[in-house]
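Here are some short notes to read beside the model. Please keep the structure open while going through them.

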Amino acid sequence: MRRRLVMVCVALLGFGAAKLPFERGLEAQHRAAFFHGARLDLSLWERIGQMGFLAALSGFRAVVADGLYIDAHVAWEHTEWGRVKLDFDAVTALQPRCVLFWDQAAWHMAYNASAAALLNPKQPREALRIKAQREYWKLGEDYLLRGIANNPERPLLYDRLGFLYREKFQDHCKAARAYAECARLPKAPQYAHRFHAYELAQCPGHEREAYELLRSLYRRGEDERLPTLLRWLDYLQEKLSIPPDQRDYIPPRATP
Amino acid sequence: MTATLPATRHQFFSLARVGAIASNTLLELVRLKVFYFLLIFALLLIGSSAFFAKLSFQEQFQMLKNFALGAMSIFTWLLAVLATAMMLPKDIEDRTLYTILAKPVPRFEYLLGKLLGVLALLFVALSFMCVMFVIVLYAREQSGIADAVRENPPAQVAAAIEQVKAATFTTSLIPCIVVIYLKAALCAALTLLLSTFATSSIFTIMVAVVVYLIGHVQPIAREYWLASASVGAPTKIFLALISLVFPDLTAFDLVDDILVGNIIAFGLFMKTVALGVTYIAVYFLAGYFMFSAKEL
């Protein structure tokens, strides 16, 4: 029996050697298809504990991530922003392909935590409150950028990034770039290409490019001739001194 | 006058005999009331579903699917290991094994029948869990649709309902369930191999659990072994042994990523299935090799 056991071990070693190239190839193909992207490293182990790490390692990453996500939700209700961030760091490390988690992490940091920092009654100095607010915006931006790096083919996070640059940072050039990336992806929202043009119109030095873009959208038909698009087109026609005979017809409205 | 029995040729391999052993194995396992765990599964599913009620509908569906498929994965694995580990020792203890092998039943057929019995049990259990999951998901979908109708202006209701439907039932759930079954079947075959030479069920279960854990770090060991030039010879040998002897179970950890929208190409999925089937076949044949020489 012992001899047979040794023979089985040798056979398994042989099988192992035979399957090795196939397994490596399969793993490479899985990774190319965005599988197995979780980073199960020591920093994660410190954050989620031994049992959580063991469960994540044993193929139950999603369940552990969901548990931490619920904990982050509770921490948010208690406005414990530090805990929210730590939980979301772990959640996004466990499930890097879940755009919902990146989106929520960025939203909590850039909108909720930043607003709480600005209104923090324990900090009497306004300059420090504003500084803290900006730091939370940066954290939100960081989540979105890392989320995009893990999900480059999905438009949602580009859309959110564009919105963040537009609403919080007031950086229209970066917002235009984010919306442009969003618009070129499949399943992008229909407004992405319009928002790209609107933001580009506010990016210094890109007025001509924005004008061409808005014009091409205008010429697509009535569906694209929304009030905001018409206002920006009108504004740029004036700003770029487009000759009257080359201008598109804009119904009389106020410029932005 | 002497009556002679019609001469029947003994077949070297008979599917009917294998089928009889498999169905008896399934029946025995069912009599052990293993399906009671389904109650726990149902409670877990319904309980977690109620717990998620305060989250948005995308979050609810995401988590419901994660919890349900995670629970399916745990339960099928546990069932595979526990049912298989106890099968041979129980047959020896009940002396059923001797009764069967005293008849012209080859050991190969006996072992194959046993494995197929466990695989049938896993199939039935997973099917039940799927049905429960579909019922709970459907109930949540209906409640999500009702909320969408109530909370949205009439012009946006159709789009909102479409969003709810897109977040619930998707065809990507099918490869998830197939992969869960395949991984459990692989664990069953591996446990069967262990039980052919193990001296007790406890030993088999312990080793099966350890192999399961090592199987999930095997790719790390493999890449370290193949890529790292700075490690010493003993470490290299150790890593090589882990890489070659243990199965790469992470190859079947696709569910978490599929549930968050990853699309697995059919060809890639079939390669994964082929790897799983090969593992099952190799472990079964190794188990037979051990069992054929086992002194009973």
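1. Start with helix α6 of chain A, residues 126–150. This is a predicted model. The helix has 25 residues and reaches 36 Å from first C-alpha to last, close to the 36 Å expected at 1.5 Å a residue.

2. Which residues of α6(A) are buried? They are A:Gln133, A:Tyr136, A:Trp137, A:Leu139, A:Gly140, A:Glu141, A:Tyr143, A:Leu144, A:Gly147, A:Ile148 and A:Asn150. The cover over them includes α4 (81–94), α5 (99–118) and α7 (155–169) of chain A. As background, an α-helix has 3.6 residues a turn, so residues three or four places apart point the same way.

3. Next, look at α3 of chain A, residues 61–77. Its 17 residues reach 24 Å from first C-alpha to last, close to the 24 Å expected at 1.5 Å a residue. Just after α3(A), A:Thr79 takes a positive phi of about 50°.

4. The buried residues of α3(A) are A:Arg61, A:Ala62, A:Val63, A:Val64, A:Ala65, A:Asp66, A:Gly67, A:Leu68, A:Tyr69 and A:Ala72.

5. How many residues of chain B are in contact with chain A? There are 41, and they meet 32 residues of chain A. In chain B, α3, α8 (201–227), α9 (233–245), α10 (255–259) and α11 (266–292) each supply at least two residues of this side. By class, the chain B side has 24 nonpolar, ten polar and seven charged residues.

6. Chain B has eleven helices and zero strands. Its C-alpha atoms fill a box of roughly 90 × 70 × 35 Å along the principal axes. Of its 296 residues, 42% count as buried. Among chain B contacts with a separation of 6 or more, 82% link residues 24 or more positions apart.

7. The largest nonpolar core has 147 residues. Those with the most contacts inside it are A:Leu214, B:Ala80, B:Leu122, B:Ala185, B:Cys187, B:Ala188 and B:Ala189. Helix α3 of chain B (residues 57–93) gives the largest share of this core, 19 residues.

8. One of those core residues deserves a separate look: B:Ala189. Beyond its neighbours within four places in sequence, B:Ala189 is in contact with B:Leu115, B:Tyr279, B:Ile280, B:Tyr283 and B:Phe284.

Methods. Residues are numbered from 1 along each chain as its sequence is written. Chains are lettered from A and ligands numbered from 1 in the order in which they are written. This is a predicted model: local features need pLDDT of at least 70, side-chain atom pairs count only at pLDDT 80 or more; totals for chains, interfaces and linings use all residues. Helices (H or I, at least four residues) and strands (E, at least two) are DSSP runs, numbered from the N terminus. A residue is buried if 20 or more other C-beta atoms lie within 10 Å of its own, exposed if 12 or fewer, and partly exposed in between; C-beta atoms are placed from the backbone. Two residues are in contact if their C-beta atoms, placed from the backbone, lie within 7 Å. A nonpolar core is a set of buried Ala, Val, Leu, Ile, Met, Phe, Trp, Tyr and Cys residues joined through C-beta atoms within 7 Å. Ala, Val, Leu, Ile, Met, Phe, Trp, Tyr, Cys and Pro count as nonpolar, Asp, Glu, Lys and Arg as charged, and the others, Gly among them, as polar. The expected span of a helix is 1.5 Å times one less than its number of residues.
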